[in-house]
Amino acid sequence: MCSCRKKRQVLSELDIYSLVGANRALQTVDVRAFVGEDGTIVIRFEGVNGNPIVSGICIKRAAKLPASQVKHGSVICNNCAAEIEISSAQNKYLRMISNAKYEKKIAELKSQCQLKTDECHEAWMSLTGASEQLEKVQMELDDKFLQYHYLDQAMEEQAANLRDICSRYERDKRLWAAVVDDLEKKVKNMKQEHCQLSREAYECFDSIPELSKMVFAVQAMVAQCDALKLKFSEEQAKRKMLYNQIQEAKGNIRVFCRCRPLRNEEMQSGFATVADFNAANDGELGILSGGLTKKIFRFDRVYTPQDGQVNVFADASPMVVSVLDGYNVCIFAYGQTGTGKTFTMEGSEQNRGVNYRTLEQLFKISEERKETFTYNISISVLEVYNEQIRDLLATSPTSKKLEIRQAPEGAHHVPGIVEAKVGNIKEVWSVLQAGSNARAVGSNNVNEYSSRSHCMLCIMVKTKNLITEECTKSKLWLVDLAGSERLAKTEVQGERLKEAQNINRSLSALGDVISALASKSSHIPYRNSKLTHLLQDSLGGDSKTLMFVQISPLEQDLGETLSSLNFATRVRGVELGPARKQIDVGELQKLKIMLDKAKQELRSKDNAFWKLEENLRNFEGKAKGKDQICRIQQEKLSELEGKIALKTQLCRQLEKQLLQLSEGVNGKEETCLSLQQKVKELENKLRVHEHAQSTTLQHKVCQVKELENKLQERTQEFERHSAKLNQKAIELENKLQMEGGNQGFQMLQQKIEELELKLRQQEQQEYMLPACFADKSGTTSNERKAWSRVLSPRQMDPPSLRNSTNRAINQESVLLKGTDTLHQIRRRRGLQSIGTENTFLASSPLLDKRILSSESTKGRHIDQSKALSRLTRSTKPAATVHRAFSGSNLHKDQLPGNKDKNDKSKFWLR
Ligand SMILES: Nc1ncnc2c1ncn2[C@@H]1O[C@H](COP(=O)(O)OP(=O)(O)OP(=O)(O)O)[C@@H](O)[C@H]1O
């Protein structure tokens, strides 16, 4: 406290009444008072006239005393430049005020920091919200993208399917077109065929009446023919039967005439033939004699030179077969030498004769009848040579003469002769060959290999009827007579003459027998020769006889030919009487034979009739077949037409489907285009939003970072300084208590001064803060000035002089001293102090709020991390966010998503 002269003068000369008026209190401001040691307040009124009454004292807290103005425990007055001492208590109080000020500032800073933190939190929350929105948008975008992708895939699939369908459709179309073309061609061809078939069918249909007429005519003709054939066969049968009956009744010897063909050399020599075969079929043979006259001979059969062995045997076959029925049969060949007797009877290997064919036929029939008959066939081959019988089958020559004996039952046989049993035709040929080889032959001028004996093959057949148990024993003589040529012609002598004489004698005996038989003589001279004696059972009587008269066609042989033919004519005239079975089986055998024949004829007629019927059926079947083919073709045509109609319908349906598919594809393409546009719009919006978010975030992050840094520095400095001050205060107090005294006091004062100096320096540094904050927090220039004035030494009123309870009175009794500006500044200071008090009062809720915010921040930490984790997704928008953070020059570690949790928690706790 100082006694300011100016004030003192002013106060001494102050005319209170003139200034205030009567009964009004003088209100003084900035009246300095001293606080005594005992705590009393001393106010000195110097130069006061009268007795001023102090009705009330309003103590108001002094303005803050800047530490820089406190030097060595004193303050220099701004008015009088007097050094005002400051008591230790006042210093302590000042320090407390200073500390309180710093605390206030710290609290303000903390509150500002809290506000900034809240702002940051809000910004972060908004950022998180924006991120979430962004994420949602991103998700929607992803969904849209996926939808677009799926749509694209579906489109591609649809397009591929469509292409496939189109290709298949094209392929099928081509195939169908080819098939349709082919079918059309086929239909065309079938139509043509159908037309042709229709024509043919019509023709057939037209010709059916004619055909049926023809069929009827043919049938009628066939029937007529059949009838005629039947009649003919009946007539023939009757004729044959009658003839046979006549023959059998007469017992005539049947005579077949056969003429040999001209030899090659004879033809080359130009020999003429005397035989005329024009009526050979009627059994007539003409012999030309003397060139003009022709003698006709009638026989049972006349063979031309062209007739073969088969024809000859065919006629002889029925008589041959008679031996199986139990008849004795004799077949002999008579004729001039070289006319073909041996050829007819034996034949050659290529042209089998009657002998071989007879045995073949017998075996064949016996095989056919084996169910009803058993046959035992044996053969003997004899030769009558020079009136002696030779066994041609005898393996060893014997001196014993073979004689003919008559059995008790009347049959003649040659005892001791070989009767070779033959079972099949192979054995027959070997036997016949052996006999033929053993036959005596010789050459003459007519025939080089002339037969010089009568060769006689005797076939003995024993038959047993398995049904009737009837047994027969019959024999068949097949005789190849020796040549009947005249002796003069042959010009043989000696032995050959003797052979010829014997041959002629035997043939003459045969003639005699035949003449006797023809004249029906009572005596038949069979025994005149061995030949007739052997043939006694089979020549004449109850036997069947067949004679082959062999003639030569040559004119030179005309005499012999006529002789033979005359002999044959006589033979043919012989009536032997009816043949008789060797065992009388009566008419039964005959009826059976007739029945067999009738059956055979019936079979043949049935066959012919069946053939005709078959032909008719064939005609009808052909007509029906054509009708059926026509019907089938018509059905096929209708089927093909139906198929064509179906396929045409299918083609139309496919075309419709194709059109529908193309329409669907167009619609999907439009949808796809609209979706693409929407996606582009969303992407643009997202980009804009991301850009705005990133810029805002960058800005806020920068601010927060700066504030954080500053706050951290200040806090650290304050803490450090407070710690130092507290420590030094404690030390000083301790020293003060320990030491005491002037020297200690002086030292203490010096130290205090040093400390105050340091404190002032720090305060000066602190005073620079508002300017800094003004720059950042938008503080106006007037406010900065007010700050500097408030912190001036004049405003360092002791807080003890101010009382909050009298604040209103003090404000009203302001001493109008100085300028308006000063007054305004003081008013602001008052307001500032009030604001400061209010700031202190508001500090506790803010602290609570900070705690809550820190707690809520802790609570939100997980969500933020989640949010950040969402931001760090590997999607396109996430990458965009990452770019936004990277664009704000933040280190990767400073990114919320990448920083560790401790840093994040520290960040939010701050
Ligand atoms: N119908 C015919 N067809 C063909 N050749 C025949 C015919 N008849 C006879 N010949 C031939 O004439 C020749 C004489 O025949 P073959 O020996 O049979 O007479 P032949 O009457 O038996 O004589 P021979 O009394 O001297 O024994 C033979 O070479 C024979 O082949």
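Start by selecting Gly338, which lies in the loop between E11 and H6. Helices (H or I, at least four residues) and strands (E, at least two) are DSSP runs, numbered from the N terminus. Residues are numbered from 1 along each chain as its sequence is written. The model is predicted: local features need pLDDT of at least 70, side-chain atom pairs count only at pLDDT 80 or more, and totals for chains, interfaces and linings use all residues.

Gly338 is buried, with 24 other C-beta atoms within 10 Å. A residue is buried if 20 or more other C-beta atoms lie within 10 Å of its own, exposed if 12 or fewer, and partly exposed in between, with C-beta atoms placed from the backbone.

Next select Gln336, in the loop between strand E11 (329-335) and helix H6 (341-345). Gln336 is buried, with 26 other C-beta atoms within 10 Å. Now colour the annotated positions: under "binding site", an unreviewed UniProt entry lists Gly335, Gln336, Thr337, Gly338, Thr339, Gly340, Lys341 and Thr342. UniProt positions follow the numbering used here, feature names are shortened, and annotations may be inferred rather than shown by experiment.

Move on to helix H10 (residues 495-518) and helix H12 (residues 558-572), whose axes come within 9 Å and cross at roughly 40°. Axes are lines fitted to C-alpha atoms, for helices over the stretch in contact, and angles run from 0 to 180 degrees between N-to-C directions. H10 and H12 are therefore oblique to each other; angles under 35 degrees count as roughly parallel, over 145 as roughly antiparallel, 65 to 115 as roughly perpendicular and the rest as oblique.

Show side chains here: H10 contributes Gly511, Ile514, Ser515 and Ala518 to the contact, and H12 contributes Phe567, Arg570 and Val571. Two residues are in contact if their C-beta atoms, placed from the backbone, lie within 7 Å.

From H10, go to His523, in the loop between H10 and helix H11 (530-534). His523 is exposed, with 6 other C-beta atoms within 10 Å. A distance to check: the C-alpha atoms of His523 and Val513, ten residues apart along the chain, are separated by 8.9 Å.

Then select residues 173-200, which the unreviewed UniProt entry lists, along with 588-765, as "coiled-coil region". The span 173-200 is 100% helix and 0% strand, and its end C-alpha atoms lie 38 Å apart.

Finally, zoom out. The protein chain has 19 helices and 21 strands, and of its 910 residues, 23% count as buried.
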